[in-house]
Amino acid sequence: MVLYADDDTFNLFTMESMLKGYGAKLTKAFNGSEAVEAVKHRSLHKCCKNCQMFRLIFMDLSMPIMDGFESTIELKKLMASDIIPNIPIIACTAFVGDDMTEKCYQVGMEGRISKPVSKKKVYEILQTYKIVVPKE
């Protein structure tokens with residue numbers, strides 16, 4: 001189960017299509033606040049016996065209400081307090097500068113991919129975090 005926070009429906013649809021092709025399920029959040037609430041809800045309220053915690057979060061940086069930096073800081077606080085489990089957070093952004101990449105790592109993100117996202121890079125990240133099994 002993967003969570004993707006992005007305020008652009010095209011980006012959400014594109015990621016959903018990619019993940020579906022790799023056998024991974026996606027939950028969408030339209031801003032950072034929704035992402036934090038989705039993780040908290042999933043952690044505190046099991047919807048059913050098959051309900052799984054997110055194993056990876058793709059986080060856009062520029063969103064209304066709560067941006068990707070703010071939401072990552074909030075999620076990392078919850079992880080540090082053992083309120084939610086540790087979940088890798090990967091920045092998914094069109095911003096490509098070294099200063100932006102450094103800021104991603106400073107707030108606790110584990111990595112960064114550039115938009116438009118490539119299927120190959122998404123697959124590599126899914127493999128890194130053992131979310132999908134190779135199809136060979």
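Where is Lys-130 found? Let's start there. Keep in mind that what we have here is a predicted model. Lys-130 sits in the segment after helix 5. I picked it for its backbone: phi is positive, about 55 degrees, even though this residue isn't a glycine. As a bit of background, most residues other than glycine have a negative phi. And is the residue buried or exposed? Lys-130 has a relative accessible area of 63%, and the cut-off is over 50%, so we call it exposed.

Okay, next one. Asp-82 also isn't a glycine, and its phi is positive too, at about 60 degrees. You'll find Asp-82 in the loop that runs between helix 3 (68-80) and strand 4 (89-93). Its relative accessibility is 67%, so Asp-82 counts as exposed.

Now for a peptide bond. Most of these are trans. Have a look at the one from Lys-115 to Pro-116, though: that bond is cis, with omega near -5 degrees. As for where we are in the chain, Pro-116 belongs to the loop between strand 5 (111-114) and helix 5 (119-128).

Last stop, Ser-33. This residue is in helix 2, which covers residues 32-44. With a relative accessible area of 26%, Ser-33 is partly exposed. Which residues is it in contact with, leaving aside neighbours within four places in sequence? Those would be Ile-65 and Met-66. And here's a pair to find on the screen: Ser-33 and Glu-70 are 37 residues apart in sequence, and their C-alphas are 8.8 Å apart in space.

That's my tour, thanks.

How values were computed. Residues are numbered from 1 along each chain as its sequence is written. This is a predicted model: local features need pLDDT of at least 70, side-chain atom pairs count only at pLDDT 80 or more; totals for chains, interfaces and linings use all residues. Side-chain values use heavy atoms; hydrogens and water are left out. Helices (H or I, at least four residues) and strands (E, at least two) are DSSP runs, numbered from the N terminus. Buried means under 20% relative accessible area, exposed over 50%, partly exposed in between (1.4 Å probe, protein chains only). Contact means heavy atoms within 4.5 Å.
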